[in-house]
Amino acid sequence: MTTHVQEFLAQARVVTRDLRHRGLIQTALRKYETARDRKKAAFNDWQSARQAAAETKWDAINHLDTYLAEFADKMEARGTRVHWAGNAAEAREIILGIIKSKGARSIIKSKAMTAEEIHLNDAMEKAGYEVVESDLGEFIVQLRHEPPYHIVFPAMHLTRDDINELFQKELGSASTREPEELTMIARRALRRKYITADVGITGANFAIAETGMISITENEGNARLTAALPKTMITLVGIEKVLPKLEDLALFLPMLATAGAGQTITGYNTMYGGPRQPGECDGPEEYHVVLLDNRRTELLADPEQRDALHCIRCGACLNVCPIFKNVGGHTYGTTYSGPVGSVITPHLRGLQDWKHLSGSSSLCGACTEACPVKIDLHHHLLRNRRNAAVGEPSFFERLAYRLFAFVINRPGLYRFAKEAGRLTEPLQKLIRDTPLDPARAWTGTRDLPPMPEQSFKEWWEERR
Amino acid sequence: MTVTLFIPCFVDSLYPGVGISMVRILERLGHRVVCPEEIACCGQPAFNSGYWPEAREVAAPVLRRLQDAEVVVIASGSCGAMLKVFYPQLFAETPQAEAAKALSPKVWEFSSFLADKLGVTDLGARFPAKVTFHDGCHGLRELGIKTAPRRLLEKVQGLELVEMADAETCCGFGGTFSAKFPMISTAMGEVKCAGAAETGADYIVSNDSSCLMHVQGLLSRQGSPIKTIHLAEILAQR
């Protein structure tokens, strides 16, 4: 059985060699950076905004128990059924139970990373239901039987030619390179589904405790249709998405749009307060909100890394991450990729199985700098590495560091090691980049610097 | 002022010119330079890999030997960050916690020491070449050093400084990361080299020899004419 780390390495090897793929992602993200910087400049003071957002999330997460209870009470008061799912299996069971009780056949879904996290589509399809993703990017990757490539831009790895080819094959559409026409093809296919769907499933960007409302922000209007047309609406939301007050959205909506997509504000921002109330003419007859824990409370129990629950899933850390830009989203093999994925996946899915994600970082800190809610991302990678080494240390690695310490703390031995390096340099050149070369991980693509005649310390000694 | 130099292990063994340049510059400015023989490594490789007890084995003697120093100046933003930012974490809740906290404010990365602490930017250096500056991540984001190296470079006679696209993007070295994930490290380095090549610069300059070792290794393998040089070596040129 191949392990997650082997799969990661194999996939990283493929993508790093694929210059077209890397070029595509890097070009797209360069455009994002330009747009984001323009929109950031519209804030009076972006850094203060980050600080305010971080403090609001800190309050929300550190009082999650009271805010969640408040949220649930307020939602239920208007007739919403609130469900508490401890793990992925429970969440799937709850949702499938609702679908079954409604005698539903077809389901329309808007974008929800939590649904990816619990593999909801798989479960619904296995149970015999038809599920259609209504977000354009999600619709595209669903047709390709792929997971989303990126938290916010699920199909960013595809060109319009790729999409044209896909639509021709899967939808029988005519060939076109025009983005508007491609969108129309998807829209025509989707409109029919909205009308026939029995249940609409959405994710959530924020859950407002004060008013008991779900906030969904989107650019296509598909989530509105998903929520409004079917008779039953289900929202699956991670418990960390809570915000204390309605007015917090005044900061978080523009911040999410700016950090996530370089927009002033997202196209459609909707609040969902419950099912159709007496006297109202539209909206779902039944509304269910499923609150998902799935080991988030374990992260909550870790005071060092609790702030990782601040995450608003804007994707800003992915967009600036040089690792993401060179290995792409699918390589991670996780629902949440990029820096935040590397931080939280070891908590959500097992430290020892996923510690390689925390290892595969140069710790450059671009993510932490970009994070709108100031999660200490790259330092959490260090903490994950430490926790992993404490839990299951590698015998050889630990031995190597002990040996290193032994040598470096003894000037005579250290001098000898340098001398040995100089003496064996010609031999190193002979075996460079062969299986005999102990430095092959380096020399496979990089030359080693030549050893100088004299080290600094030797020069210093001689000078004195 | 008595300046205690911290010469990191790879600077000592691979780039002695960087340390020698620092000594010359600091002495020219009239400071007394000391360099304790026993200090060789900050312990960052073990620390970054998660092996904190092993890192403390290397770091504890460093801490002890530097405790009486007036200022500690380091040729590397990365090792500088290790002493200044990470030692207090590494030694938190150990008997050396106080010593680590006390050392932190005395530690300076070389360019920042010159420009920010001493307030000197014109060292009378001459280096007729077109150069581009790579911000090492630790210096930039852990220590907040952005303008000091540029202020110093601007005063170098004959030198033309051109900014590359993504100057602040990691070169891909990342310590043990470069050997554990060589394909990713290399891909990141390729992006960095391409950005530098676009500027038409003769040299990529940085205040971190570790970044430069990686970038130079790639450039040499690619047969690129661009060379790398540490900031201190430029500042020592007459």
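**Contacts, sheets and interfaces**

Mentor: Let's start with Tyr87(B). Leaving out residues up to four places away in sequence, Tyr87(B) touches Ala59(B), Leu63(B), Met82(B), Ala100(B), Leu103(B) and Ser104(B). Touching, or being in contact, is a matter of two C-beta atoms, placed from the backbone, lying within 7 Å.

Trainee: Before we go on, how should I treat the model and its numbering?

Mentor: The model is predicted, so local features need pLDDT of at least 70 and side-chain atom pairs count only at pLDDT 80 or more, while totals for chains, interfaces and linings use all residues. Residues are numbered from 1 along each chain as its sequence is written, and chains are lettered from A and ligands numbered from 1 in the order in which they are written.

Trainee: Which residues touch the most other members of the largest nonpolar core?

Mentor: A nonpolar core is a set of buried Ala, Val, Leu, Ile, Met, Phe, Trp, Tyr and Cys residues joined through C-beta atoms within 7 Å. Buried means 20 or more other C-beta atoms within 10 Å of the residue's own, exposed means 12 or fewer, and partly exposed is in between, again with C-beta atoms placed from the backbone. Here the largest core has 201 residues, and Tyr87(B) is back again: with Leu236(A), Val290(A) and Cys317(A), Tyr87(B) touches the most other members. Helix α4 (52–66) of chain B gives the most to this core, 8 residues.

Trainee: In what order do the 4 strands of the open sheet in chain B run?

Mentor: Strands pair if DSSP finds at least two bridges between them. In this sheet the order is β2-β1-β3-β4 (chain B), with parallel pairing. β2 (32–34) and β4 (107–109) of chain B are the edge strands, each pairing on one side only. From one strand to the next, the twist averages 35 degrees. β1 (2–6) of chain B is joined to β2(B) over 3 bridges, in the parallel sense, and Thr2(B) has Arg32(B) as its bridge partner in β2(B).

Trainee: Which helices lie across those strands?

Mentor: For the angles, axes are lines fitted to C-alpha atoms (for helices, over the stretch in contact), and angles run from 0 to 180 degrees between N-to-C directions. Helix α5 (77–90) of chain B lies across β1, β3 (71–74) and β4 of chain B, at about 160 degrees to β4(B).

Trainee: Which way do the residues of strand β7 of chain B point?

Mentor: In a regular strand, side chains alternate between the two faces of the sheet. In β7 (203–206) of chain B, Tyr203(B) and Val205(B) point one way, Ile204(B) and Ser206(B) the other, and all are buried. β7(B) pairs in the parallel sense with β5 (126–134) of chain B over 4 bridges, with Phe133(B) opposite Val205(B). β7(B) also pairs with β8 (227–230) of chain B, parallel and over 4 bridges. There, Tyr203(B) has Lys227(B) as its bridge partner.

Trainee: What domains is chain B divided into?

Mentor: Domain bounds come from an automatic or database domain assignment. Chain B has domain 1 (2–116) and domain 2 (121–235), with C-alpha centres 21 Å apart. Across the divide, 28 residues of domain 1 of chain B are in contact with 24 of domain 2 of chain B. In chain A, domain 1 (42–294) and domain 2 (397–463) have centres 55 Å apart, taken over C-alpha atoms.

Trainee: How many residues does each chain bring to the contact between chain A and chain B?

Mentor: Chain B brings 50 residues and chain A 49. On the chain B side, α12(B) gives the most, 7 residues.

Trainee: Last one: why does Pro147(A) count as partly exposed?

Mentor: Because Pro147(A) has 19 other C-beta atoms within 10 Å. Pro147(A) is in the loop between α8 (136–143) and α9 (160–171) of chain A. Beyond its neighbours within four places in sequence, Pro147(A) is in contact with Glu116(A) and Val141(A).

Note on methods: Helices (H or I, at least four residues) and strands (E, at least two) are DSSP runs, numbered from the N terminus.
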